[in-house]
Amino acid sequence: MAIKVTINGKEYEGKHGETIRDVAKRNGIGIPVLCERAQIDPFGSCRICLVEQDKARYPVVACAAPVFDGIVVNTETELIKGLRKLDMELLFSNHFADCVAPCNLTCPAGIDIQGYVGLAANGEYPDAEKLIKQKVPFPGILGRVCPAPCQKECRRNLVDETVSIKFIKRFISDINFEKGTRYIPPVAPSSGKTVAIIGAGPAGMSCAYYLAQQGHQCTIIEKLPKAGGMTRYGIPDYRLPQKELDAEIAEIESLGVEFLYNTELGKDVTIDGLRRSFDAVFLAIGAHVSKSMGIPGEELDGVYQGIDFLREVKLGKKFDLGETVVVVGGGNTAIDAVRTSLRLGAKNCYIVYRRSRAEMPADPIEVHDAEEEGVQFHFLTNPVKIHGKKRMEAIESVRMELGEPDASGRRSPVVVKGSEFMIKADTIIMAIGQEPDVSCIGADCKVRTTKWSTFMINEETFQTDIPEVFAGGDAMRGPCTVVECIADGRNAATQIDRFLKGQELTPIPGVYSVQRGKSLKALKALEEEWKHRFPTEPRAEMPMLNPKKRIKSFVECEMGFTERELRRDAGRCLECGCFSQYDCELRQIGKAVGAEPTALKTKGEIRFESDLRHPFIMKDQNKCILCGACVRACDELHHVGAWGFVDRGYVTTVQPSFGVALQETDCEYCGTCVQN
Amino acid sequence: MKTLRVGYNSCGIAAGAEETLNKLHALLDGNSNFEIKKTGCNGMCYLEPIVDVIENGKIYTYGGLTSDKVEKFIESLEKGKHIDDWIILHPDHSTAQLSYQEKQVKLATKNIGVIDPENIDDYIAAAGYQALEKVLKTMNRQQVIDQVRASGLRGRGGAGFSCGMKWQFAKDAPGEEKYMICNGDEGDPGAFMDRSTLEGDPHGVIEGMTIGAYAVGAQVGFFYVRAEYPLAVKRLRLAIKQAEAKGYSGKNILGTGFNFSLHVIEGAGAFVCGEETALIASIEGKRGMPRTRPPFPATHGIWGKPTNNNNVETYANIPYIIREGGAAFSKYGTDMSKGTKVFALAGKIKRGGMIEVPMGITINEIVNDIGGGIINDGKCKAVQMGGPSGGCIPAHLHDTPIDYEKIMATGAIVGSGGMVFMDQGTCMVDIARYFLSFTVEESCGKCTFCRVGTKRMLEILERITAGEGTEEDIPLLQKLCDSIIKGSLCGLGQTAPNPVLTTLRYFRDEYEAHIREKKCPAKKCKALITYRVVADKCTGCTLCARTCPVGAASGERKQVHQIDDLKCTRCGFCKDACKFDAIVVE
């Protein structure tokens with residue numbers, strides 16, 4: 001006999017013995033389920049299928065609650081949505097695992113690092129490059145110059161050292177060039193839309209790369225004679241040879257992107273002019289203006305600004321640096337300037353930095369390489385005046401000491417009174433920072449700028465105050481890394497593409513992932529256990545040119561891995577990201593109910609070692625949600641009962657009784673538990 | 001001829017009743033002037049060992065009669081004299097302890113502390129099994145249920161569901177094979193009513209349950225008793241054997257053709273097995289884990305058969321109701337809560353023990369009149385009723401009459417009868433943390449909200465008591481409480497947040513003091529207090545330095561001492577040791 005069931009205000013027919021879920025399912029009403037299994041009795045542990053039933057005091061589980069005549073059910077009330085969201089957040093808070101590997105989560109461009117490292121380990125280099133290029137167009141550039149924040153979070157650090165993520169990327173790039181197996185993405189038929197991109201740096205070219213694939217005609221307008229931006233004019237050849245750069249830029253061109261060189265915004269073209277000729281504009285002018293120290297004597301000969309110096313060297317200008325060069329600053333530009341000076345023939349090269357080594361923002365590898373080449377460092381020293389007649393002769397400096405931490409968390413330097421002293425030098429290069437030159441947009445342009453002299457945008461859409469004008473990269477953030485600029489270029493391309501297609505510019509979602517410890521630091525306690533669990537296998541060293549030889553020229557210092565080194569290093573990856581991340585029900589439901597994977601803080605998660613004793617059946621209790629499907633299937637479908645719940649309360653686990661290995665139970669190796 | 005009746009429940013034995021009894025036997029065996037008997041606990045646990053002297057129909061109750069006093073006691077009795085100072089209840093005049101008994105009405109517990117629980121004849125002499133006989137020989141099944149419904153008896157396990165209705169459901173459930181369960185899986189911290197009842201009057205419970213079995217049509221009954229109650233299990237098994245021998249249990253009871261066999265199942269100590277579906281699973285030999293309801297046990301209980309489940313105290317009330325009629329029972333109590341209720345008094349109360357009081361009595365009457373107030377003449381701050389499922393009722397609401405609905409309105413529940421009293425030195429955040437830690441361990445681990453939710457709540461409470469709480473913690477606690485109540489599978493989870501909710505409701509200022517000022521107003525939370533020596537008061541006696549187990553207190557003789565805050569573990573030994581009140585907690 002049919003009975004009347006009302007769900008979400010609509011009447012349906014049900015039968016005695018059916019559950020709410022049965023009726024809902026038959027009528028296409030979606031109720032999320034986790035612990036429900038078709039052939040096994042309802043369990044009701046996961047609570048995700050909770051619905052409101054008007055006769056019940058509290059919500060009921062749809063998978064088990066029977067329907068009766070006149071039942072009124074609501075599946076999407078605010079209460080239910082709140083409960084489902086919290087339910088998932090509780091499960092996630094107890095899920096000691098990473099959906100997505102920490103390296104991938106750390107990468108500003110979100111590259112699937114675990115994926116390409118795995119492909120490289122198997123020798124599948126073209127596929128590896130293709131995977132990288134889903135997120136960044138320049139594996140060769142990044143493989144050489146990226147500061148690789150991913151490697152700092154690499155969980156292999158707990159065992160020995162990081163996987164050489166950056167060098168692996170470089171190898172993939174190089175070998176595909178060598179073998180002619182580079183990946184060039186297909187380009188969609190022309191959309192008829194045009195985009196002007198100002199600046200042929202990493203942000204601008206990345207934007208073009210992804211827009212071109214969507215069929216939009218991109219024109220990159222570049223002030224300088226060649227493309228590359230900071231990667232060409234800020235990074236010396238010994239770190240990034242021009243031929244590598246040219247090769248990757250050529251790939252951008254091959255997608256039909258047009259480059260207009262020696263064309264300057266504000267002089268040759270204007271924003272309003274571009275707006276008339278193009279459907280959208282992307283401002284990616286970089287940050288090429290040096291910040292001045294503002295000390296007396298800066299007008300003397302032999303005084304240079306770091307970034308200008310590097311650019312002019314690239315442009316072929318000859319310098320007479322003399323014997324002694326002092327570079328002021330602690331960042332990568334300072335290191336690049338000092339190592340370039342060495343290569344231009346200077347005998348004594350110094351870095352002068354007002355804080356100590358620990359506070360230097362430069363990549364420690366760069367600092368190490370510079371030291372190998374004979375650069376000397378003077379810490380806690382700050383120039384106050386440059387002495388000389390026409391050309392500079394000496395730098396008056398003071399000693400500093402570290403005081404209280406400032407807003408950035410670094411201890412700020414304080415002058416030691418009466419500590420003035422002189423440094424004799426022929427050249428001083430000041431590399432204390434850069435900023436964009438935003439004046440190029442013209443005084444009456446509606447694009448707003450910040451007090452840091454950067455373009456102001458809507459951070460979700462990348463739009464400036466003019467809807468069709470977007471901005472990104474150094475010009476929007478201030479000086480940052482190549483990989484961050486590439487990420488900006490790609491994300492801006494996504495939004496520009498939507499804009500050109502007339503779609504809504506919704507925020508670009510972050511990666512949805514639970515995390516096994518928020519940072520490497522938070523996992524420090526695991527170090528001993530991991531050292532024990534994984535055999536130590538130190539990282540392969542990057543073969544380097546001899547320091548004495550390399551300062552004689554601008555030849556690339558790092559020689560690259562051999563394939564053997566590469567395969568071995570890629571094999572060291574611990575594969576933190578989950579095998580099931582693409583088809584995980586938990587993750588899908590979590591997303592669907594709007595649960596925040598790391599919303600609930602926990603202290604002292606329960607951690608379990610994976611049980612690998614059985615020849616075929618592996619169990620990772622860290623990911624178990626105690627739905628009991630395996631226990632129930634083994635018991636109810638096969639009447640074996642090899643699995644059971646052990647202990648109670650928060651520490652409940654699924655195991656065979658008395659902690660014996662599964663193969664020592666009545667397990668028939670049928671795999672039903674795994675399937676369920 | 002004098003009868004000496006020794007209180008011989010677990011509480012008495014713990015206080016030394018065994019030694020007292022042995023001494024009595026050593027002195028009196030073979031002495032025809034004395035008869036020695038064992039009985040249960042009269043409820044005055046705080047004065048055990050207790051020995052009643054019965055002579056000429058008068059009962060003189062001696063308290064605190066440890067074995068070292070026995071010789072003098074017997075010497076005096078042999079001279080025909082009593083030692084008045086040791087008598088706590090006197091047949092001829094009032095005593096200071098009389099107020100403990102005066103306001104009590106004993107219906108369910110009337111035999112406890114009176115009869116010998118190991119002797120069925122004692123029970124029969126006290127009108128035992130009369131009710132069963134009346135039922136089997138003069139009443140039909142519906143009449144029994146009608147009497148119970150008329151009494152207004154509600155389930156004493158905590159939820160307070162009408163006992164008569166429950167029986168009716170089980171009676172009306174289709175099927176020939178039916179079961180009875182007596183839930184003796186008492187697990188609330190501070191509760192010991194079921195233990196004392198099963199130890200002191202097992203036949204009373206057997207009789208009540210057998211009457212229920214007749215009413216619902218059950219053939220088999222299970223006592224589910226925690227294995228931690230060995231004496232209760234032992235006496236229950238003995239009582240069943242004796243009842244079977246006398247024809248009150250087993251096959252063809254009292255020759256009426258009614259069969260009802262009883263079994264004792266020992267629970268392994270999981271709190272959740274007090275939940276009926278978990279209890280049933282446990283009886284069936286499965287993991288004690290609740291399942292979703294419906295179907296309810298009344299139709300799908302043990303092995304899928306109709307099953308009726310009541311608490312020990314509920315059954316213990318039945319013989320009285322049948323003997324005297326439902327109306328006699330319902331003349332006690334309030335409109336909605338009839339009869340009496342047994343409570344276990346524990347915590348910072350002067351007189352800890354078991355009492356049976358009419359429903360409607362106020363908490364104040366229990367604390368002050370029966371319980372004699374708070375220890376050290378302190379002020380009562382709150383009472384926790386209903387164990388981990390209940391809540392803390394603050395002192396200003398202690399004029400609330402005890403009644404299922406009125407107690408529920410405060411946020412607590414009557415529960416099974418545990419009352420834990422707290423004085424001003426109790427930190428309410430710490431209490432909430434304690435009860436949560438209990439639930440986190442005792443959750444069966446099945447459903448997400450209870451298993452993980454309570455743990456997350458506990459972590460927040462631990463943060464707060466450690467002085468690491470933040471402003472967001474209180475709203476987050478509220479959200480978790482609300483969701484765990486509404487989202488959990490069984491009663492354990494649905495009530496687990498109650499201690500937190502009630503303390504948040506009545507003692508929010510204490511939470512805020514921990515979070516905002518990093519202060520524990522009750523000076524209890526170790527992370528938030530320091531011990532300091534008051535220089536003016538310190539005489540340099542060195543006692544604190546000698547007492548301190550970690551060497552934090554130090555100083556030269558006759559010099560003012562110091563406490564090293566970094567070494568100090570806040571154990572408080574120094575403060576307790578100091579004779580000059582020279583150590584303060586700040």
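1. Let's start with one pair of residues: A:Q53 stands opposite A:V73 in β5(A). Strands β3 (residues 50-53) and β5 (residues 71-74) of chain A pair in the antiparallel sense, over two bridges. Two strands count as paired if DSSP finds at least two bridges between them. Strands here are DSSP runs (E, at least two residues), numbered from the N terminus.

2. Before going on, note that this is a predicted model, where local features need pLDDT of at least 70, side-chain atom pairs count only at pLDDT 80 or more, and totals for chains, interfaces and linings use all residues. Residues are numbered from 1 along each chain as its sequence is written, while chains are lettered from A and ligands numbered from 1 in the order in which they are written.

3. Zoom out to the open sheet in chain A: five strands run in the order β2-β1-β5-β3-β4, with mixed pairing. β2 (10-15) and β4 (60-61) of chain A each have a single partner strand, so one side of each has no neighbour in the sheet.

4. Chain A splits into domain 1 (2-93), domain 2 (98-288 + 436-577), domain 3 (291-432) and domain 4 (606-675); such bounds come from an automatic or database domain assignment. The C-alpha centres of domain 2 and domain 3 of chain A are 29 Å apart. Their contact takes 13 residues from domain 2 of chain A and 14 residues from domain 3 of chain A (contact: C-beta atoms, placed from the backbone, within 7 Å).

5. Now chain B: the C-alpha centres of its domain 1 and domain 2 lie 33 Å apart. Four residues of domain 1 of chain B and six residues of domain 2 of chain B make the contact.

Definitions and conventions. Two residues are in contact if their C-beta atoms, placed from the backbone, lie within 7 Å. Helices (H or I, at least four residues) and strands (E, at least two) are DSSP runs, numbered from the N terminus.
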